[in-house]
Amino acid sequence: MASGSRVPEDAVRAVNPGRRGEIVSALTGDSVMAAALKSAASTVRSVVASPRPLKGKAGRDAARRRLQLLPGSQTEGRGQGPEEEEVEEEEAQLSVPEEDEEAQPLPPVCVFPMRGMWREEKVALYCDEVLQGYKAEDADDAMSKYLSEKLKLKDKWLGVWKANPELFFVKYEESSIPFVGILVEVTCKPRQSSSSRFKVTVSVAEPFSSNIANIPRDLVDEILEELEHSVPLLEVYPVEGQDSDLHDIALALEVVRFFYDFLWRDWDDEESCENYTALIEERINLWCDIQDGTIPGPIAQRFKKTLEKYKNKRVELFEYQSNIKEDPSEAEAVECWKKYYEIVMLCGLLKMWEDLRLRVHGPFFPRILRRRKGKRNFGKTITHVVAKVMTADMVKDLSPDTLLQQHDDLDLALDSCYSGDTVVIFPGEYQAVNLALLTDDIVIKGFGKREEIIITSEPSHDSFVVSKADNVKLMHLSLIQQGTVDGIVVVESGHMTLENCVLKCEGTGVCVLTGAALTITDSEITGAQGAGVELYPGSVAILERNEIHHCNNLRTCDSSKSTLGGVNMKVLPAPKLKMTNNHIYNNNGYGVSILQPTEQLFIVAEEALNKGAASGDKRDDNMLSKVMQNLNLEMNNNKIEANLKGDIRIVTS
């Protein structure tokens, strides 16, 4: 709710359109506008806000207004006392004088969602059509040229100007006013000025229309006069109901908006890049991988937040420097350098993530950098009991000569372990960042039902359970992934055993990297964004009596990724997999997918599988058996059913 003292006028500033260039035009009315207004209109509502004061008597009247939110919506979800309600009711009575004209609803705008385009289409559009070999420092010119050509298609059109609310209001709720939409008329006559930015001259179209029903018309007119009727072109959205040329203009505007919002980086024109279009292609691939879930949601969010922080810090530095009127003092110079180096560090982090395309799987990204401890000097092993309080009854089944050490923190217990130790965890909920640093041969087991021993991941960390021990074992546990971006379990090297465990994934599933081995028995894996179990080339896995279900929650139209499901194998060199008595069901891809790098490998088997799928998923058992032998794949008595794509499939990458 916007109430209280007025923000000074000089504290109100327009949103900076940034690097978006400038194409200026004069505006007149046109009969085509009426037809557009007859189409379906957008929602109009009143809002509570303090409008900017205007000049003259009309301005003084407008300054006393309080724009009123529709009844009920302003008080939803919060309590109010009787006095507050009386004050707001009194303000509501003053908010919209009867003689004021209410704005009409806005007509719908042309929508060309970039999200709906295939990545190949985006690459062709930006690299081949728009940029056409331009260097980074010439990207603005390329965008300006592209827009100028499209704007020649139509010299007069109707659009919705989506303005920053700070232009109109000194006090408002961001959630209630995301933007101020005004219906405007546009006549395109681009200026040939080298210093121009993407600007367009606008005037209010008739009938007066806005997404805010009670916005004062005088306020809009004065704001436009202050701006000399010149607003950022990319803030103007052509409305539906005009001719096909306007659709081309609307698409061109979306193309440029998408470029500056998602593909452009502020450092691009500061560094030399031999092949800028190749860099843009990589960023398009990165954006697509984030959108379809190939990159786990938490790390995508972290990347977006870091990018936003970088942009904000640049603005912060610019504003700080602008406020230094004379030669900077020593303290001001230090503060400038501090802000600058913070920007440099954020820039370096973003570059590193972009270069790796945010990949967290694969041998090039070691997760564990600490050494093995090995055995204790005196050769004894210790059983670490993790519980708030330890009683004699809790350890009565242990051998009398067992050396015990009690911890109330799982992290401390793991940090105290040497090879050969055992960690016994009693019912409760725990977190332990040291699970991502398993280097010694230990056993970690729950005491009681597996559903009662819950270990959750630390959301601020990238990894949950990571091992490069020769032989580590986890038993009778529930692993709940929340916020971490790596696989729920990653076996970098050595051998890991999971026995009678529940793995509830939020990111990717269990990953067995090249040269590593994994045994999973009597366990349940569910909720992975990719495959429940992913085997990298040259890995080894044994799966017995497990349930793998509801995996592959990727939002993708990429067929090679949508095939992932219960178990995914990447070949060359082929991993070894033995599956016995597993139940693999209700996955969004295939029950078992085998990813091969070329169409030549196993092409006969591929044809056989396709033929079988066309006749009701019946396969040639001899042919499939031969393929499994070539892949070191042994499957016995598994129940694979109700998977979205099918049961088993060989997929070419």
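1. Terms and model. Buried here means under 20% relative accessible area. The model is predicted. By that cut-off, buried residues make up 49% of the 653 residues in the protein chain. The chain carries 14 helices and 33 strands. Among contacts between residues at least 6 apart in sequence, 70% join residues at least 24 apart.

2. Helix α4. This helix spans residues 119-131. Its buried residues are Arg119, Lys122, Val123, Leu125, Tyr126, Cys127, Val130 and Leu131. Arg119 and Lys122 deserve a look, as charged residues on the buried list. Just after α4, Gln132 adopts a positive phi of about 50°.

3. α4 against α7. The two axes come within 12 Å and cross at roughly 105°. Angles of 65 to 115 degrees count as roughly perpendicular, so α4 and α7 are classed as roughly perpendicular to each other. On the α4 side, the contact uses Lys122, Leu125, Tyr126, Val130 and Leu131. On the α7 side, Glu254, Val255, Phe258, Phe259 and Leu263 take part. By class, the contact of α4 with α7 has eight nonpolar, no polar and two charged residues. Lys122, Leu125, Tyr126, Val130 and Leu131 of α4 are also buried.

4. α5 against α7. Helix α5 covers residues 139-151. Its axis lies 9 Å from that of α7, and the packing angle is about 165°. Angles over 145 degrees count as roughly antiparallel, so α5 is roughly antiparallel to α7. The crossing of α5 past α7 is left-handed. From α5, the contact draws on Ala139, Asp140, Met143, Tyr146, Leu147, Lys150 and Leu151. From α7 come Ile249, Ala252, Leu253, Val255, Val256, Phe259 and Tyr260. The contact of α5 with α7 divides into 12 nonpolar, no polar and two charged residues.

5. α7 against α8. Helix α7 runs over residues 244-263, and helix α8 over residues 276-291. They pack at about 80°, with axes 11 Å apart. The angle falls between 65 and 115 degrees, so this pair is also roughly perpendicular. Phe258, Phe259, Phe262 and Leu263 are the α7 residues in the contact. Their partners in α8 are Tyr276, Ile280, Arg283, Ile284 and Trp287. The contact of α7 with α8 holds eight nonpolar residues, no polar ones and one charged.

6. Which α7 residues meet α8? Phe259 is one of them. Phe259 also belongs to the contact with α4, and to the contact with α5. Phe258 and Leu263 meet α8 and also take part in the α4 contact.

7. Helix α6 spans residues 217-226. Leu219, Val220, Glu222, Ile223 and Leu224 are its buried residues. Just after α6, Glu228 shows a positive phi of about 55°. Pro207 sits in the loop between β6 (203-204) and α6. The peptide bond joining Glu206 and Pro207 is cis, with omega about -5°. Positive phi at two asparagines. Asn581 has a positive phi of about 55° although it is not a glycine. Asn581 is placed in the loop between β28 (576-580) and β29 (583-585). Is Asn581 exposed, partly exposed or buried? Its relative accessible area is 38%, so Asn581 is partly exposed. Asn637 also has a positive phi of about 55° and is not a glycine. Asn637 lies in the loop between β31 (633-636) and β32 (639-641). Exposed means over 50%, so Asn637, at 65% relative accessibility, counts as exposed.

8. Cysteines. How many disulfides does the structure hold? It holds zero. The cut-off for a disulfide is a pair of cysteine sulfur atoms within 2.5 Å. The cysteine sulfur closest to that of Cys505 is in Cys551, at 5.9 Å, which is too far for a bond. Cys505 counts as buried, because its relative accessibility is 10%. Cys336 counts as buried too, at 15%.

Definitions and conventions
Residues are numbered from 1 along each chain as its sequence is written. This is a predicted model: local features need pLDDT of at least 70, side-chain atom pairs count only at pLDDT 80 or more; totals for chains, interfaces and linings use all residues. Side-chain values use heavy atoms; hydrogens and water are left out. Buried means under 20% relative accessible area, exposed over 50%, partly exposed in between (1.4 Å probe, protein chains only). Axes are lines fitted to C-alpha atoms, for helices over the stretch in contact, and angles run from 0 to 180 degrees between N-to-C directions. Helices (H or I, at least four residues) and strands (E, at least two) are DSSP runs, numbered from the N terminus. Angles under 35 degrees count as roughly parallel, over 145 as roughly antiparallel, 65 to 115 as roughly perpendicular and the rest as oblique. Contact means heavy atoms within 4.5 Å. A crossing is left-handed if the near helix is turned anticlockwise from the far one by less than a right angle, and right-handed if clockwise.
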